[in-house]
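Please look over the sequence and the structure shown here before reading the notes on domains, helix packing and the ligand shell.

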Amino acid sequence: MKREIEYLLNPALKNIAAYRVEGGQEAEIKLNQNESPFDVPMWLKEEIIGEFIKEPWNRYPDILPYKGMRAYADFLGISPDSVMMSNGSNEMLYTIFLACLGPCRKVLIPDPSFSLYEKIALLLQSQIVTVPMRADLDFDLEAILRVAHDEAVDFIVLSTPNNPTGKSLTFEEIRLIAHSSDAIVLVDEAYIEFSRQRSVLELIDELPNLVVLRTMSKALALAGIRIGFAIANPLLMAEIAKPKIPFASSRLAEITLTKVLANYSLVTDAVSYILHEREKLYAALLSLEGIEPFLSDTNFLIIRVSDARALFQRLQSQGILVRNVSGYHLMENCLRFNVGLVDENKRLIEKLGAL
Ligand SMILES: Cc1ncc(COP(=O)(O)O)c(C=O)c1O
């Protein structure tokens, strides 16, 4: 008798679901995926395409995107051996988790945090130890330190600034966690360009157990091109790189990265705008009745309202797509939206003010 398909699959599939974005990815005012509101300017796209067209499309790119890695290492002022480029930082997360986790491993994940961490850890049948954020959504440093020690965890993943809460650990707090634990500590800095805290990148030589994750999808406005990076000391990097999918980054991704890094004032200008608008939005939200905004270190804001589901739907019916993050621990009736263009932010505030 033939076995049911279910029994042939990875048993962990029972515990996970396919990734989905509630409300979809199309809207007149799209604020639900923490993207940059600014596309790469046409003159730069044309420059990039002009180079891309000269490439042989019938030939594989390099096994690993060495040119892109060298460009980013130069940009950061570190050795290329410390850098690994991926097809979005999501791909790098899978690679790092594959390298570090498995059925006998324990992973510490603050809760709530970026959902992919739990999903990959479950898929790899690792034991997850969650550490709840505090009621104000800030990290609970003491609890992280205590649980890391008491549970002897093997791996700690910290999204800081954190998606979906918008809160950060400080440089010294991360240093303390990585110093006091012998676990591998992965610090996901997807939103670091928007943070009041500084990056822990400079600690990779001091801390042999530290891995920093970066994405080009947020401040660098390249979500559609798919570029992420891991940075660690070369010894650890050589190990982490072993499960990497070969040829995963396209020639287009390498060229785009190099060109955007060479025109980085576009990024710093966009970040200045986003920080300015974020503060304006926060002040406007504070003045609205029935809305509790949280201070954010990212390009998005969290608000608590009386009925998040109803408000999500109402905004959606008016062409504004935000993210309903109410399902996350401690985030009941919370909505998340990234900073948009001036007019988009204005319309959002008008709609929220008319509740
Ligand atoms: C904390 C965090 N890490 C990683 C990612 C994935 O980014 P990408 O795969 O686009 O590099 C995201 C995307 O929203 C994120 O919020």
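The notes below are grouped by topic.

This is a predicted model, in which local features need pLDDT of at least 70 and side-chain atom pairs count only at pLDDT 80 or more, while totals for chains, interfaces and linings use all residues. Residues are numbered from 1 along each chain as its sequence is written.

**Domains**

- The domain assignment of the protein chain gives domain 1 as 18-34 + 265-353 and domain 2 as 42-262, such bounds coming from an automatic or database domain assignment.
- The C-alpha centres of domain 1 and domain 2 lie 25 Å apart, and the contact takes 20 residues from domain 1 and 23 residues from domain 2, where two residues are in contact if their C-beta atoms, placed from the backbone, lie within 7 Å.
- On the side of domain 1 that touches domain 2, helix H9 (265-286) and strand E10 (300-304) each supply at least two residues, and the largest share, five residues, comes from H9; helices (H or I, at least four residues) and strands (E, at least two) are DSSP runs, numbered from the N terminus.
- That side of domain 1 divides into 13 nonpolar, five polar and two charged residues, with Ala, Val, Leu, Ile, Met, Phe, Trp, Tyr, Cys and Pro counted as nonpolar, Asp, Glu, Lys and Arg as charged, and the others, Gly among them, as polar.

**Helix packing**

- Helix H2 (residues 66-76) and helix H8 (residues 251-262) pack at an angle of about 20°, with their axes 8 Å apart; axes are lines fitted to C-alpha atoms, for helices over the stretch in contact, and angles run from 0 to 180 degrees between N-to-C directions.
- That angle makes H2 roughly parallel to H8, a term for angles under 35 degrees.
- The contact is made by Lys67, Gly68, Ala71, Tyr72 and Phe75 of H2 and by Ala253, Glu254, Leu257, Thr258 and Leu261 of H8, and by class these are six nonpolar, two polar and two charged residues.
- Helix H3 (residues 89-100) and helix H4 (residues 115-123) pack at an angle of about 35°, with their axes 10 Å apart.
- Asn90, Leu93, Tyr94 and Phe97 of H3 meet Leu116, Ile120 and Ala121 of H4, giving a contact with six nonpolar, one polar and no charged residues.

**Ligand shell**

- Of the 13 residues around the ligand, Gly88, Ser89, Asn90, Thr215 and Ser217 come nearest, a residue being near if its C-beta atom, placed from the backbone, lies within 6 Å.
- The shell around the ligand divides into three nonpolar, nine polar and one charged.

Methods. Angles under 35 degrees count as roughly parallel, over 145 as roughly antiparallel, 65 to 115 as roughly perpendicular and the rest as oblique.
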